[in-house]
Amino acid sequence: MQITMKILRFDPEKDKKAHFQNYEIEADPLDRVLDALNTVKWHHDGTLTYRRSCAHGVCGSDAMRINGRNRLACKELVGDVGKKITIEPMLGFRILRDLVVDMEPFFDKYKSIKPYLINHEEVPAIERFQSAEDREIFDETTKCILCGACSGSCPPYWSNSEFIGPAAIVNAHRFIFDSRDQGVDERLAVLSQGEGVFRCRTIYNCTDACPRGIPVTKAIEQIKRVMLYNRG
Amino acid sequence: MYHKYDAVVVGAGGAGLMAALQMVGKANVAVITKLYPSRSHTGAAQGGICAALGNTEEDHWEWHMFDTVKGGDYLTDQDAAEVLARDAIERIIELEHMGLPFNRTPEGKIDQRRFGGHTRNYGEGPVRRSCFAADRTGHMILQTLYQQGIKNNVTFFNEFHLMDLIINNGRCVGVTAMDIKTGELHTFHSKATVFATGGYGRCWRVTSNAHACTGDGMVSAYRAGVPLMDMEMYQFHPTGLYRIGILLSEAARGEGGILRNSEGERFCERYAPTLKDLAPRDMVSRFIYQELREGRGAGPNKDYVYLHVDHLGKEVIDAKLPDITDFARTYLHVEPYTEGVPIQPTAHYAMGGIPTDVNGRVIMDEKGTVLPGFYAAGETACVSVHGANRLGTNSLVDLVVFGRRAGQNALQFIKDNDFEALPTNHEGRSNDLLRFVETGNDGSRKENAANIRKEMQDYMMDNVSVVRDAEKLTLALNKLYELKERYTKVKVSDSTQKFNTEKLEALELGAMLEMAEVTTKGALDRKESRGAHYREDYLKRDDQNFLAHTLVYRADDGNIKELRYKPVTLGRFEPKERKY
């Protein structure tokens, strides 16, 4: 079928401002939006620039705004999105070129919550035991692929470059609720600061945007409760 | 720009991160990666990581070693298989200590499940050896190792594309790489260099591999005079999602999933009475190929078979196979609760690669002569621990076992050696490559890169895949010569320096054409069938002439110079016919 791709372009060496460019291409309904981007780049305009790798929703490279919503380009099928597809880079991130955004501040915020197991006990000879029930508690937040779709869909994240953002909070949750971790206090110290968890306004855009189906707002809520009442 | 580090690791997947973690804090290490580390292809691995922990039933590392040797159709170097099986146990425990969220048994131990080719008591029946985190084990390993990298303050150069390996006075002295953000060439001068750059599945039309898997590390070593080993040994995973190639993990069959043809028959039972659907991957791919050939494929083109998990029930599917079922629903609009999922063999894994010893040191010939200062680990390396066919769950354990060994040995090398100088004009080859892609917009360059790539992928898929013969291989090889010629005229229209991915894709295409060529040539010259390399014109395994690894060397003009053979390291398991 014939589709129209309306893509926001910006070349830092040639453009003063970002501008839209239209491309008419052939696509199959079961093609991914990423496949459509590849068709444009490979056969119409080699200068179109975007990140991509796994092409099946596990690496998180190709998060972008597709018809106004943050999605992974490789998880959206052309037939489901429609014949007119508008593609823009995510909001809340500085544009480097076309659909490629600066991910450094995002990763810095991730690193600030100490995203690694903190355990001060002597390491046993075999594995640490963890019950299946305890393992289940933090299962959802282990799924995060750091794609940025949640933070990039969050109005407080757009308006406040210091806000730590949903992704960092989700990854803090993964450890705070892991029965083997002993770093709750250290992480809560970061999350309770001004630009931490209480900037969240429970808007739910993040939960909608997450390509892994993580209940982001719920995870943030659980952290707020731990902070206020010291229990989950 | 010039950088000096004791060690440079290229690649930030499981093997690269593991190698870097051995050295950080004890030496000055930099990790160079073409993607952000969490995007690496390790993250796509689903099924599991195996070790003879014996948490749910009796198991021994000797059994694991045997399965690996037999699984590799006896091309596996037995010293490597022993190291893998022995070290695996400690490595898995170490991963758990680092925080990896394994699925647990009711007693709270690391849970284990069955997987293709892994048996108890030297082939008696399937054994529960695969440790897993739902069906996203690779994702959890990558995340956990990256997190350890953050904890230990590893220095990363993200989105730097490897250009060249630098050798001087018979020693490896570093690499050059292009900063993708700026287009600038950087030199990394080091005492030790570790390549953990992954595979090259993008040479084939239907593949489980990410777009980034284009053989950059292998080709850089090859161009610098290092031979590549066993390149014809390329694995086709039996259950790739139809047409797209996305992997549906063997774990589905480990949990009880079965394959059916268009007649509804569980055909694996016919070909492999004992292990059935859990026979090793190369065999299952051939079973499927045979069914399609004999007209029992499903669909309008009769070109796929079905993977059924519907009989396992919603609870098992949701708990154990959530990602796999998501793929079927998302990409084919098929409901695994009630329907069979269309699947076909997909280009998946390179058993071959840069030859190393069991300590990760790169070797240059059949005698095992080491190239000082150069190491390789993971899919990029060929120890050879996987021989002619890799068992499922053995790759993730390969990453941590040999990634660690490469890192430790590199660290020792750093302690024992000074820096060797860079040669004059060490950026020469890199600058030539960059000039080639940067002048791609002058009038004489008219070839479309995507068209060249597509033709390569089609010819490789049709002629250098599950079933091969001299005619098909020769046809493919001739096509590749033609494509290499056309590549010299490839058009690159993007003239911007910053984040120029058209330039990048042109460089990757050059790498893939050479990887395809050495794979096809190795297959043509190996006149036998062994593991994943199956020849209809040479159906039997020929231990007399081919119980050896293929080494391919490059000539200065860019063609293949010669093929040599390196004997397999034998051991306690005598080569026997491979039946399951």
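# Questions on a predicted two-chain model

The buried residues of α8(B) pack against β4 (112-120), β11 (234-241), α7 (268-271), β13 (305-308) and β14 (341-350) of chain B, and this is a predicted model.

Trainee: Is helix α8 of chain B largely enclosed or largely open, and how many of its 13 residues are buried?

Mentor: The buried members of α8(B) are R281(B), D282(B), M283(B), V284(B), S285(B), R286(B), F287(B), I288(B), E291(B) and L292(B). Because these make up most of the helix, α8(B) is largely enclosed by the rest of the structure, and the number of its 13 residues that are buried is 10.

Trainee: How are helices α13(B) and α14(B) oriented to each other?

Mentor: Two packed helices are described by the angle between their axes and the distance between the axes. Here the axes of α13 (residues 449-463) and α14 (residues 470-487) of chain B come within 9 Å and cross at roughly 170°. The contact includes I452(B) and Y459(B) from α13(B), and L473(B) and L480(B) from α14(B), and by class it has 10 nonpolar, 1 polar and 4 charged residues. With that crossing angle, α13(B) and α14(B) are therefore roughly antiparallel.

Trainee: Which helix gives the most to the side of chain B that touches chain A?

Mentor: The contact between the chains takes 41 residues from chain B and 41 residues from chain A. On the chain B side, at least two residues each come from α3 (78-98), α4 (137-151), α10 (322-332) and α15 (501-525), and the residues of that side divide into 17 nonpolar, 15 polar and 9 charged. The helix that gives the most, with 6 residues, is α4(B).

Trainee: What percentage of the residues in chain A is buried?

Mentor: Chain A has 9 helices and 7 strands, and its C-alpha trace spans about 60 × 35 × 30 Å along the principal axes. Of its contacts with a separation of 6 or more, 64% are between residues 24 or more positions apart. Among the 232 residues of chain A, the buried share is 50%.

Trainee: Is Y157(A) buried or exposed?

Mentor: Y157(A) is placed in helix α5 (residues 155-159) of chain A. Leaving aside neighbours within four places in sequence, Y157(A) is in contact with G92(A), S151(A), F163(A) and G165(A), and its C-alpha is 8.9 Å from that of L91(A), although the two are 66 residues apart in sequence. Because it has 28 C-beta neighbours inside 10 Å, Y157(A) counts as buried.

Trainee: What is the phi of L146(A)?

Mentor: Most residues other than glycine have a negative phi, and most peptide bonds are trans. L146(A) lies in the loop between α4 (132-137) and α5 of chain A, and it counts as buried because it has 26 C-beta neighbours inside 10 Å. Though not a glycine, L146(A) has a positive phi, near 55°.

Trainee: Which residue is joined to V383(B) by a cis peptide bond?

Mentor: The residue in question is placed in the loop between β18 (381-382) and α11 (394-416) of chain B. The omega of the bond is about 5°, and the residue joined to V383(B) is S384(B).

Note on methods: Residues are numbered from 1 along each chain as its sequence is written. Chains are lettered from A and ligands numbered from 1 in the order in which they are written. This is a predicted model: local features need pLDDT of at least 70, side-chain atom pairs count only at pLDDT 80 or more; totals for chains, interfaces and linings use all residues. Two residues are in contact if their C-beta atoms, placed from the backbone, lie within 7 Å. Helices (H or I, at least four residues) and strands (E, at least two) are DSSP runs, numbered from the N terminus. Ala, Val, Leu, Ile, Met, Phe, Trp, Tyr, Cys and Pro count as nonpolar, Asp, Glu, Lys and Arg as charged, and the others, Gly among them, as polar. Axes are lines fitted to C-alpha atoms, for helices over the stretch in contact, and angles run from 0 to 180 degrees between N-to-C directions. Angles under 35 degrees count as roughly parallel, over 145 as roughly antiparallel, 65 to 115 as roughly perpendicular and the rest as oblique. A residue is buried if 20 or more other C-beta atoms lie within 10 Å of its own, exposed if 12 or fewer, and partly exposed in between; C-beta atoms are placed from the backbone.
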